[in-house]
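Open the model in your viewer and keep the selection tool at hand. This tour goes from a pair of chains to a pair of helices.

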There are 4 protein chains.
Amino acid sequence: MHEGLILKITCPDKSGLVAKIANHASKYQANLVELTQFIDRDRETFYARLEIDTGSLEISVDDFIASFEELGREIEADWHFRRLPYRMKTAVLVTKTDHCLNEILWRTGLGEMPIEITSIIGNRDDCREIAENAKIPFHHIEMKKDKEAGFRKIEALLEEQEVQLVVLARFMQIMPEWMCEKYSGKMINIHHSFLPAFIGANPYRQAYERGVKLIGATCHYVTGELDAGPIIEQEVKRVQHHHNVQDLVRLGRDCERSALAKGIRYHVHDRTIVDGRRAIVFPD
Amino acid sequence: MHEGLILKITCPDKSGLVAKIANHASKYQANLVELTQFIDRDRETFYARLEIDTGSLEISVDDFIASFEELGREIEADWHFRRLPYRMKTAVLVTKTDHCLNEILWRTGLGEMPIEITSIIGNRDDCREIAENAKIPFHHIEMKKDKEAGFRKIEALLEEQEVQLVVLARFMQIMPEWMCEKYSGKMINIHHSFLPAFIGANPYRQAYERGVKLIGATCHYVTGELDAGPIIEQEVKRVQHHHNVQDLVRLGRDCERSALAKGIRYHVHDRTIVDGRRAIVFPD
Amino acid sequence: MHEGLILKITCPDKSGLVAKIANHASKYQANLVELTQFIDRDRETFYARLEIDTGSLEISVDDFIASFEELGREIEADWHFRRLPYRMKTAVLVTKTDHCLNEILWRTGLGEMPIEITSIIGNRDDCREIAENAKIPFHHIEMKKDKEAGFRKIEALLEEQEVQLVVLARFMQIMPEWMCEKYSGKMINIHHSFLPAFIGANPYRQAYERGVKLIGATCHYVTGELDAGPIIEQEVKRVQHHHNVQDLVRLGRDCERSALAKGIRYHVHDRTIVDGRRAIVFPD
Amino acid sequence: MHEGLILKITCPDKSGLVAKIANHASKYQANLVELTQFIDRDRETFYARLEIDTGSLEISVDDFIASFEELGREIEADWHFRRLPYRMKTAVLVTKTDHCLNEILWRTGLGEMPIEITSIIGNRDDCREIAENAKIPFHHIEMKKDKEAGFRKIEALLEEQEVQLVVLARFMQIMPEWMCEKYSGKMINIHHSFLPAFIGANPYRQAYERGVKLIGATCHYVTGELDAGPIIEQEVKRVQHHHNVQDLVRLGRDCERSALAKGIRYHVHDRTIVDGRRAIVFPD
């Protein structure tokens, strides 16, 4: 679909919700291309994602969006419209390793991910050349001496560039709580273990020492609690006793870049809804 | 859900279909618990599956089903209602190996599959004991001398028991075309390869000789063309050069029982719709 | 191979070990059918597993085993010979759920696992019928009132039956430390999570609440530390937000029975060597 | 290991082979770091791969290699020594799509694959920029008018650069038989299906039309018979009815780059031995 809307809705579960929502679209000749819904019985909550073709809409798209206001209030919903096509302004934060960054650049180049990378920000200078080859501004923000000042500089950059999504692509710094709050639901991290196993530093060493037969990676929203945010995607890979820590690092890279790429994809296509500590993901 | 309906619909794609269908349910206070839809762009066809809670329905379930007639015709649909709870009358056809049969019995016993096994039918006598332990009638139908007569006897049994689903659980006989037609969309086979590779006899030997690194199994609807019916589920497993044909047979059993169990599960929960040579599967 | 030996060796790593071991076999015309070795660089330790065809051995098998004594001491090895064919005397401990027990019985029946199940022991009576159908003695040992007395009764049974392997097939009791020590390296458990995530009770509920996208099961040797013994095998399965705790239980069963079956298989074929907190596994 | 040898051996199976080979190494104080062997019962053939640390070798590496001659003849072996460290001279042939090329460049850059890419050769000009960014010579060889002349030019380049490995990284031309023969066992292709399913053109379209639930990719040695050479590695990915051909192409890219990267890795680490129509692969 080239022109259209994505609508995400969360509201208390009631009878007749799908009818009401579908009717509203139908009334203005908006065509539902895709509808996915989920009812969380424990929370008595209804979640839905709609792809709407606006090609034959009888009113303007703006008016259609505005017209939803009344229904949205009636059903006590949180809702969000996204106009298609779009490209989400995204900053990628890195430290030293580049495989996740490379993956994002490659998939963006192929048109797989509708994002515009506004900048690549590193607390080290290692990824500068990759950024420059890709013709994307690289900002080296020194953080050793004054971490807080570093984060303030990052924030200023994100503000200035009107960044809508922050991707921590193996950014080896713990985000301060105020940034987690400010970018709540808009900051995605890749952790190099199958969470909740091996939280914190050196997860591959932890995995090696525990002798697990599967290593993994977890893509999740960042919250104030370390490695505990809602999980979007996880990948695992089989390992054996003869794989040392370096092998786990090597094999793990494939989990990391795959889980991160899928996580970003789901987020930018509005296929995720945060539901307390969990993330609802309508995969494609 | 303990009382309710599953509705499957196939019709030409048009704007407003979801609204029309949801409205119809809403009009009688039927609650949509789950709605999954898919639009095939090539065929311009709309497919949907609805789970409907009839607990607060204002009319009788029979009247509700009857009331859909008008809408169904208007949108030129094929549709099907299933009343919940139900158990699908199922015959399992076997020859010698018992792992698929065992899997079905085990999952049925656990309540994972809402089927009632009316009988186990073998062209050999090998599975009699398993059937008897499970307290299910076993019918040994000799087919060596007169294959056609054998199939006629099987048909008579299926008729008599009002069987709705025929499962070929490693039944090593090619079904005659008249039976494929009669049980079109109601006969499921497990083939021991990842189709369309290795059609026909001895797929594990074929796989061994070709030196594949993955073996598999395919659960599909049976049609008149050998191993070419719509695929419901496939499973694969990694193998290595040191696995001989016997190893592939052993490892393949796990693919076979898993793919067959999922295939049956999707079918009996009305999660499949045949779409020409392909099967639409709404997985759970 | 129908007649032969499996030899497992652990010793300090040195140059020429393979030559020495292979020479010893060669000297007596023992044929090496399979040799797998691994050198742990951190521990400077050599591990090997050999399958030896004794068909053309020039001395008796007993003498061959005895003749290894000298070499074993010279290379400061721990070693173990197993005569083939053999069936390992195995007790299966259960509580209520039967899927792991069923899997073991099914694979044993097929000849996949060279074990002789001496008894099935339950702290509840639920699995009695399955045991009786399989013609294996079932012992219900009540543990509610006096847990320690219960374990003493189990120990007495294991002693009496000369059990070599104890399988905890969803046995919902924590083993006392003295039993963990007594059956060190001979007691296998299946835990229903991908350890080290979700140690302890109700791992599927924990997994649901954490919102993981993969659930798993772990087969491990039992040690005094809960769910922390050397891991033999792990399996995972993809889940989604719409799967509730009951769904995770259902889907997890497949991980559990698969991981446990593989773990037992590796153990009884002498494909495992415990290496501190880790298990070396030479898979087949 | 930084200095050493890899030795691959194929010979008729006999008793005492491991002892003879290990002794030979031991005699000159060569240390076996890794030994993997396999006996093909059907062909009565013994295959082995050894990693040898030459750090404490008592003679020169050249003399050690020469000294094997006598043993090699005695056991009627084909054998091959590779000196470590090394980088295999590799040419990458491409047409339009770049994901496989990118993957090779990325892994080579990380040091995962000990290859030196001597040139990237395209029958179209599309991949020139990637090659130039990576500072690797790009040769556009026009093949539309005179295919045979094009292949002769490619051959000349490969000769001139003393290429040891030719990688067809989605090179959309069928190799002429004389090139298949010349580079037998040295030319690797990635086919975008799980062979032997969907041989030839447009495998994703074939897969879509057949309605498979798994798509895949196959890395294999190129032989004169189209897509029928010995398979080194295969990868699959789950797909659903709603994935159209474009989705399969997108999802398949991940299978292709993964299978090709592993295939190359196994080949350049001498972990493959061609065994008739099959490839023995000792994975790492």
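The model is a predicted one.

**Stop 1: where they meet.** Now show the contact between these chains. Chain C gives 22 residues and chain A gives 23 residues. On chain C, colour helix H7 (203-210), strand E11 (231-238) and strand E13 (278-281); these are the elements that give two or more residues to the side touching chain A. By class, that side of chain C has 12 nonpolar, four polar and six charged residues. Of the interface residues of chain C, 100% are also interface residues in chain A, so the copies meet through the same surface.

**Stop 2: two helices in chain D.** Move to chain D. Select helix H7 (residues 203-210) and helix H8 (residues 245-268) of chain D. They pack at an angle of about 120 degrees, and their axes are 9 Å apart. H7(D) and H8(D) are therefore oblique to each other. Their crossing is right-handed.

Show side chains next. H7(D) makes the contact with Tyr204(D), Arg205(D), Ala207(D) and Tyr208(D). H8(D) brings Val245(D), Leu248(D), Val249(D) and Gly252(D). Colour these contact residues by class: six are nonpolar, one is polar and one is charged.

Conventions
Residues numbered from 1 in each chain as written. Chains lettered and ligands numbered in written order. Predicted model: local features only at pLDDT ≥ 70, side-chain atom pairs only at ≥ 80, totals over all residues. Contact = placed C-beta atoms within 7 Å. Axes fitted to C-alpha atoms, helices over the stretch in contact; angles between N-to-C directions. Helix = DSSP H or I, 4+ residues; strand = E, 2+ residues; numbered from the N terminus. Parallel < 35°, antiparallel > 145°, perpendicular 65-115°, else oblique. Left-handed = near helix turned anticlockwise from the far one by under 90°. Nonpolar A, V, L, I, M, F, W, Y, C, P; charged D, E, K, R; others polar.
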